[in-house]
Amino acid sequence: MSKPGPLHVDSGHAAALLAQASTLATQHHVDVPGGPVTPPADVAAIRARLAAYDFETARCADDVFADVMDLLRSGMVHTSHPRYFGLFNPAPTWWGVAGELIAAAANPQLAAYPHAWAPVEIERHVLRFLADRLGLPAGSAGSFTVGGSEANQTAVIVALTKHWPDYAQQGVRAVRGRPLLYASAESHLAWVKIAHVAGLGRQAVRLVPVDAAHRMDVDQLRTMLDADRAAGDEPFLLVATAGTTGAGALDPLPELVTLARESGLYLHVDAAWGGSVALSDRLRPLLAGVEAADSVTVDAHKWMSAPMGAGMFLTPHADALSASFDVRTSFMPDAADGTLDPYASSVQWSRRFTGLKVFLSLAGQGRLAFARQLERDVALGELLALRLAERGWVRINATPLPVVCVAEPDVDRGDPGLSRSWHAAVADEVVRRGRAWISSVQLAGRSGLRLCVTSYLTTERDIDLVAGELDACRALS
């Protein structure tokens, strides 16, 4: 066996494969804005094409690459389209895409520091930078995650471990009462799944009513805490959301910081989307209070335009993070002096080099470019709200961030069930026509349409076009 194995390809062939993939990827980027945001779905046709791949014999790279790109072009919602006004899925930067390629080619194993000291240091450099922008104390620790749900799951585990040190060994048996966590009724309901996975049970998630601006109602929270403690339960975690998915609401962080300290609660800020505004000196005050959090989630694959997925968990409590996940085994390399192995400070063990795409984007374009982009998106959100108001739509959310939720006033004043179906029908028709992507939304029982400016490709022309689409589809409903 003097030659490489059967999966080996020489450097010339490898270069050709990557060049072809690069050409197809860049052409896809060029083609997407000229096509529909959502192509017609033909699942049967896709399955029939995939059935031709029995994987028994090799296929020509030219054919496979072209076929796959065609499948992607015709078989998915194009979140990289400039008129995708949907969830927090922006077009990825090319610096980030290049980072994915380099990370895959180098393929470091980030579980143990002695295996990948440079990649680990690159990631930690990015995490320290973001922690500093958020105002977290020096020495804050953290990790890159698959996404916001994993980062938020980490927050629950760290909060439990910090609140009840015996939880690490005994689990919820270390708690006399029922551990409870509190989040806004408009928060991301991944908290329900997280509580299930953590062994707390879904009923451990207490959803706090919101005020007229869809922010957590602090008075209602106080009432719930008092009642739960009187019933013998054990509140331990308060979650503040900085940029809710539905309305873009920012929970009142300064008030929640004060309440958390008074009540002995661990305060986690789910800033998966809104946390990116820390990169802008102008917008950073929107996060006032986050610097006092016990932990923070930020997703770079949301408003920092990194390719999926790139969540981040940050905490000033490095000791609690280590206590939550530290484990030792003989088959792992010995820990380096003075360093914490990633596998001993994260729910993950083996994982990819997630942070490189974020590092390259920041290094290649600079913080100020990100700040200008965020500020531009906010301005486009204001323009979108204005254009829709000019057409008679009434806004039903209030946020300084570029999420705009509107309702048809006549329908809004009528039967709630009819309002829900009417707005859903308008959203479906906009999507079916293919020129834009929006969604329907429910905010405190009120129905409407939700649009979010999230792509660096979006222009004023796209704003005018989607406003026109809403009018056109309103006339058809």
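Which residue just after α13 takes a positive phi? Gly 392 does, at about 95 degrees. The model is predicted, so local features need pLDDT of at least 70 and side-chain atom pairs count only at pLDDT 80 or more, while totals for chains, interfaces and linings use all residues. Residues are numbered from 1 along each chain as its sequence is written, and side-chain values use heavy atoms, with hydrogens and water left out.

View 1. Helix α13 covers residues 367-390; helices (H or I, at least four residues) and strands (E, at least two) are DSSP runs, numbered from the N terminus. The 24 residues of α13 should span 34 Å at 1.5 Å a residue, and the end C-alpha atoms are 35 Å apart, which agrees. The expected span is 1.5 Å times one less than the number of residues in the helix. Among the buried residues of α13 are Phe 370, Leu 374, Glu 375, Asp 377, Val 378, Gly 381, Leu 384 and Leu 388. Buried stands for under 20% relative accessible area, exposed for over 50%, and partly exposed for values in between (1.4 Å probe, protein chains only). Contact here means heavy atoms within 4.5 Å.

**View 2. Helix α4 against α12.** Two packed helices are described by the angle between their axes and the distance between the axes. The axes of α4 (residues 94-106) and α12 come within 8 Å and cross at roughly 135 degrees. That angle makes α4 oblique to α12. Axes are lines fitted to C-alpha atoms, for helices over the stretch in contact, with angles from 0 to 180 degrees between N-to-C directions. Angles under 35 degrees count as roughly parallel, over 145 as roughly antiparallel, 65 to 115 as roughly perpendicular, and the rest as oblique. The crossing of α4 and α12 is right-handed; a crossing has this hand if the near helix is turned clockwise from the far one by less than a right angle, and is left-handed if anticlockwise. On the α4 side, the residues include Trp 95, Glu 100 and Ile 102, which belong to a group meeting α12 residues including Leu 356, Lys 357 and Leu 360. The residues of this contact between α4 and α12 divide into 6 nonpolar, 5 polar and 2 charged. Nonpolar covers Ala, Val, Leu, Ile, Met, Phe, Trp, Tyr, Cys and Pro, charged covers Asp, Glu, Lys and Arg, and the others, Gly among them, are polar.

**View 3. Helix α15 against α16.** Helix α15 (residues 416-433) packs with α16 at an angle of about 120 degrees, their axes 9 Å apart. The two helices are therefore oblique to each other. α15 passes α16 in a right-handed crossing. The contact is made by Trp 422, Val 426, Glu 429, Val 430 and Arg 433 of α15, together with Glu 469, Leu 470, Ala 472, Cys 473, Arg 474 and Leu 476 of α16. By class, the residues of the contact of α15 with α16 divide into 7 nonpolar, no polar and 4 charged.

**View 4. Helix α3 beside α1.** The 14 residues of α3 (residues 61-74) should span 20 Å at 1.5 Å a residue, and the end C-alpha atoms of α3 are 20 Å apart, which agrees. The buried residues of α3 are Asp 67, Met 69 and Leu 71, and they pack against α1 (11-31) and α2 (43-51). α1 and α3 pack at an angle of about 25 degrees, with axes 11 Å apart. That makes α1 roughly parallel to α3. The contact is made by Leu 17, Gln 20, Ala 21, Leu 24 and His 28 of α1 and Ala 61, Asp 62, Phe 65, Ala 66, Met 69 and Arg 73 of α3.

**View 5. Two buried residues.** Tyr 84 sits in the loop between α3 and α4 and counts as buried at 4% relative accessibility. Leaving aside neighbours within four places in sequence, Tyr 84 is in contact with residues including Val 37, His 78, Trp 437 and Cys 452. Asp 228, in helix α9 (residues 218-230), counts as buried at 7% relative accessibility.

View 6. The peptide bond from Met 308 to Gly 309 is cis, with omega near -25 degrees. Asn 107 has a positive phi near 55 degrees and counts as exposed at 59% relative accessibility. His 214, with a positive phi of about 65 degrees, counts as buried at 5% relative accessibility.
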